[in-house]
Amino acid sequence: MAEFPPLFLLRHGQTEWNAIRRIQGQMESQLTEMGKEHAARQGDILARIDLPEEIKAWCSPQVRTRQTAEIALGVVGLAPVFDDRLKEVSLGSWEGRMWEDVLTDKASGLRGASIFQACLMSDGESEADMRARIGDFVAGLSGPTLVVSHGIALTFLRGIVLGSSFNEMDAMVREQGVVLELRDRREVTHR
């Protein structure tokens with residue numbers, strides 16, 4: 001298994017579409033007030049963590065991650081580099097629809113599927129697509145890294161770094177307002 005540098009991961013704060021369970025994928029949605037609170041909490045956590053001096057920050061270019069990075073990383077004086085490989089999974093024609101409608105649509109065959117499983121059954125990106133895109137990003141990391149990204153994209157990043165199976169990734173918590181630290185093939189949640 002490959003060795004990876006220490007990683008600090010932030011999922012974007014709650015968005016308007018998260019709040020009403022509308023499928024975002026690569027579509028845009030602004031942070032809610034709660035989402036801004038999530039980002040501020042992440043900033044407070046980062047200020048308490050002993051971040052390596054040489055850490056570099058990377059961020060998905062999507063609006064919700066940019067807003068989160070501005071709030072959270074501003075606290076510790078980091079400016080991120082934006083990278084398309086950190087965008088959320090593309091969910092194709094499902095984007096903009098309500099999760100309830102997609103998950104209960106008899107024709108979809110998704111009844112009982114988790115959100116993680118469902119995301120990879122859309123007509124957007126597949127598991128192989130995500131492993132390749134996120135794997136390409138992590139393969140280029142050479143030192144301590146902070147990443148601001150999305151629930152499914154970060155699940156793949158965590159899975160690749162930790163050597164997790166699909167079922168282990170499916171079981172991962174995709175919480176907002178926390179900072180995940182991956183070091184020595186272990187994950188710690190900072191609250």
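This note describes the cores, the cavity and the pockets of the structure above.

1. Basis of the model. The model is predicted, so local features need pLDDT of at least 70 and side-chain atom pairs count only at pLDDT 80 or more, while totals for chains, interfaces and linings use all residues. Residues are numbered from 1 along each chain as its sequence is written, and side-chain values use heavy atoms, with hydrogens and water left out.

2. Largest nonpolar core. A nonpolar core is a set of buried Ala, Val, Leu, Ile, Met, Phe, Trp, Tyr and Cys residues joined through side-chain atoms within 4.5 Å; buried means under 20% relative accessible area with a 1.4 Å probe, protein chains only. The largest such core has 35 residues, and Leu-9, Trp-94, Trp-99, Phe-156 and Leu-157 touch the most other members. Two or more residues come from each of several elements, including strand 1, helix 4 (99-104), helix 6 (127-139) and strand 5 (179-183). Helix 7 gives the most, with eight residues. Helices (H or I, at least four residues) and strands (E, at least two) are DSSP runs, numbered from the N terminus.

3. Beyond its neighbours within four places in sequence, Trp-94 is in contact (heavy atoms within 4.5 Å) with residues including Ile-23, Trp-99, Leu-110 and Met-121.

4. Cavity. On a 1 Å grid over the protein atoms alone, a cavity is a set of points where a 1.4 Å probe fits but cannot get out, and a pocket is an open set with protein on both sides within 12 Å along at least five of seven lines; lining residues have an atom within 4 Å of a point. One cavity of 30 Å³ or more is counted, and the largest cavity has a volume of about 60 Å³, a volume being the space filled by probe spheres set on the points. Strand 1 (7-11) and helix 7 (151-162) each supply at least two residues of its lining.

5. Largest pocket. The largest pocket has a volume of about 350 Å³. Of its 20 lining residues, Arg-11, Asn-18, Gln-24, Trp-99 and Ile-115 lie nearest its centre. Helix 1 (16-20), helix 5 and helix 7 each give two or more residues to this lining.

6. Second largest pocket. The second largest pocket has a volume of about 150 Å³. Its lining includes Glu-54, Trp-58, Arg-85 and Phe-137.

How values were computed. Buried means under 20% relative accessible area, exposed over 50%, partly exposed in between (1.4 Å probe, protein chains only).
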